[in-house]
Amino acid sequence: MDDHQAVPDLRVDERTAATPSVEVVRLLRDALDDAVSTDPHDLEAARADKSGHASPAPPLAVVSARSVADVQRTLEIATAHRVPVVPRGAGTGLTGGSTASTGEVVLSTLAMNRILEIDAADELAVVEPGVINGDLNDALAPHGLWYAPDPASRAISTVGGNIATGAGGLLCAKYGVTREAVLGLDVVLADGTLLRLGHRTVKGVTGLDLVGLMIGSEGALGVVVGATVKVLPRVEGEVATIGAYFPDVTAAAAASASITVARQRPAAMELIDAPALERIGQYLGLGLAGRGQAYLLVQTDGADAAAVAARALELIEGHGGDARLTADPTEGERLLAVRRAFHPAMAAHGTVLIEDVAVPRSALPRMFAEIARIGERHGLVIPTVAHAGDGNLHPNFVFDGPGVPPHVWAAADELFETALALGGTLTGEHGIGLLKRHHLGRELGDAQLDLQRRIKAVFDPLGILNPGKVF
Ligand SMILES: Cc1cc2nc3c(=O)[nH]c(=O)nc-3n(C[C@H](O)[C@H](O)[C@H](O)COP(=O)(O)OP(=O)(O)OC[C@H]3O[C@@H](n4cnc5c(N)ncnc54)[C@H](O)[C@@H]3O)c2cc1C
């Protein structure tokens, strides 16, 4: 599609014309002092996230909020002067969702990074939005607790950003995604109003589920300034790991589907196809491609770890997998290292567009076959990794230079069509952001898209929050 080739910047409009930029910056500085930066380095950094997309020009200013009051003050000024505001966490997003451009103010919650409370009795934690996911888990460990949502970026992404994108990860099929881990949220609306949504009880159905609405809303409805999250008792006992090579990806996908059908619940089940395996092998200096055309990693935990692993092994071997099962942590880590090397191995070959679609788990073999066919049709190799336990695939497009070539967009379009045709969805965990907004209506249909736009307008009547993203 043509409209992808240079993602147009719909965010720059006449809204800022009423108040000159210099005046907006002065008002922000008067109110927030040194929390406001116009340092070219900070502005430049805010043009991009980890999607590979950068906005056409730097934003007006970056506000590094230190408190809820800072967020409220920024949004009050933005509302009064019709200034577009782009909420931002750590900027690790993969859809251009936190990228900012001309006339926009970036509202970073990264410095609001205190863990306010860990309540071991009620199994919850109260955090500011800028807390890094991995840091929360480090703080929970001495209490025998952990926070389950585990994006592969957990060492670098914020809990607030995870909530805004509805992040998933490797352990989601067994332990749930971000949506299942949030009890309550403090949110500042576009006009500066602070809302406390949800509850700190296990149950709670009072009124509409606005917490649910905020999760995955990508900074378009409000700014998350606090979260009460559910934490789980640490899983005790041994961990068993299986690394299995298959003659083809269809057999590997069928094996993973059969593990689910057999009602077994590994903690992680990750599938890597042949093009990805070849690049990972090169990256690690190992001849992995010679061992098979696909790799399935299965990890089991908890009291029944050994039994689930034994049954999974049986099913894997039944589907032609050449498997190694171990309960030794060092050996397990070695088998997992193949999966961990996926992202750096892709990045070593050029610019990477990481796509994200999800299909019903039973459709995983079909989706892999279609990805190979789409690649052939467009003269592309599309290395793909899947969270096989929940049917979530990340086909990667690797190319030279900063811009996504037209034939890559054409292949990505077909990928989205195929996922939808198989009963799937456009995004399993990364969100819509800037890069997929053209496709939103395709999945939602006109009536739902219109309803969603009207909901957005209720929260943000002036349309100043993350304009041009999602909708
Ligand atoms: C190597 C790598 C691996 C990754 N693996 C995974 C994975 O396994 N699973 C997964 O789901 N994602 C993954 N991601 C993507 C990314 O890390 C997630 O989307 C993450 O949730 C983004 O968090 P962030 O703090 O970086 O948010 P940002 O990128 O800064 O922002 C993301 C979106 O959230 C909004 N936002 C941020 N903070 C707030 C706030 N306080 N209030 C309101 N809106 C806000 C922004 O406007 C934007 O729309 C990966 C990224 C990388 C680079």
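**Entry 1: strand 13**

I began with glutamate 270, which stands opposite histidine 387 in strand 18. The model I am reading is a predicted one. Strand 18 covers residues 384-387, and I found that it pairs with strand 13 in the antiparallel sense over three bridges.

Next I looked up the pairing with strand 14, residues 294-300: strands 13 and 14 are also antiparallel, over six bridges. Here I noted aspartate 273, whose bridge partner in strand 14 is alanine 294.

Which residues cover the two faces of strand 13? I listed Ala268, Glu270 and Ile272 on one side, with Met269, Leu271 and Asp273 on the other, and all of them are buried. Six of the six residues of strand 13 (residues 268-273) are buried, so I wrote the strand down as largely enclosed by the rest of the structure.

**Entry 2: aromatic pairs**

I then turned to the rings. A pair of aromatic rings is described by the distance of the centres and the angle of the planes. My count came to two aromatic pairs.

Tryptophan 146 and tyrosine 175 make an edge-to-face pair, with 5.0 Å centre to centre and 80° between the planes. I placed tryptophan 146 in strand 7 (residues 145-146) and tyrosine 175 in helix 7 (residues 172-175); they are 29 residues apart, and the pair links distant parts of the chain. Is tryptophan 146 buried or exposed? With 14% relative accessibility, tryptophan 146 counts as buried, because the cut-off for buried is under 20%.

Tyrosine 245 and tyrosine 295 form a tilted pair, at 4.8 Å centre to centre and 55° between the planes. Tyrosine 245 sits in strand 12 (residues 240-246) and tyrosine 295 in strand 14, so this pair ties together parts that are 50 residues apart in sequence. I checked burial here too: tyrosine 245 is buried at a relative accessible area of 6%, and tyrosine 295 is buried at 0% relative accessibility.

**Entry 3: helix 4**

My last stop was helix 4, residues 68-80. I compared its span with expectation: at 1.5 Å a residue, its 13 residues should span 18 Å, and the end C-alpha atoms are 18 Å apart, which agrees.

Which residues of helix 4 are buried? I noted Asp70, Val71, Thr74, Leu75, Ile77, Ala78 and Thr79. These buried residues pack against several elements, among them helix 2 (21-32), strand 2 (61-64), strand 8 (182-188) and strand 10 (223-230).

Note on methods: Residues numbered from 1 in each chain as written. Predicted model: local features only at pLDDT ≥ 70, side-chain atom pairs only at ≥ 80, totals over all residues. Heavy atoms only, no water. Buried < 20%, exposed > 50% of the residue type's maximum accessible area, 1.4 Å probe, protein only. Helix = DSSP H or I, 4+ residues; strand = E, 2+ residues; numbered from the N terminus. Pairing = 2+ DSSP bridges. Phe/Tyr/Trp six-rings, centres within 6.5 Å; stacked < 30°, edge-to-face > 60°. Expected span 1.5 Å × (residues − 1). Contact = heavy atoms within 4.5 Å.
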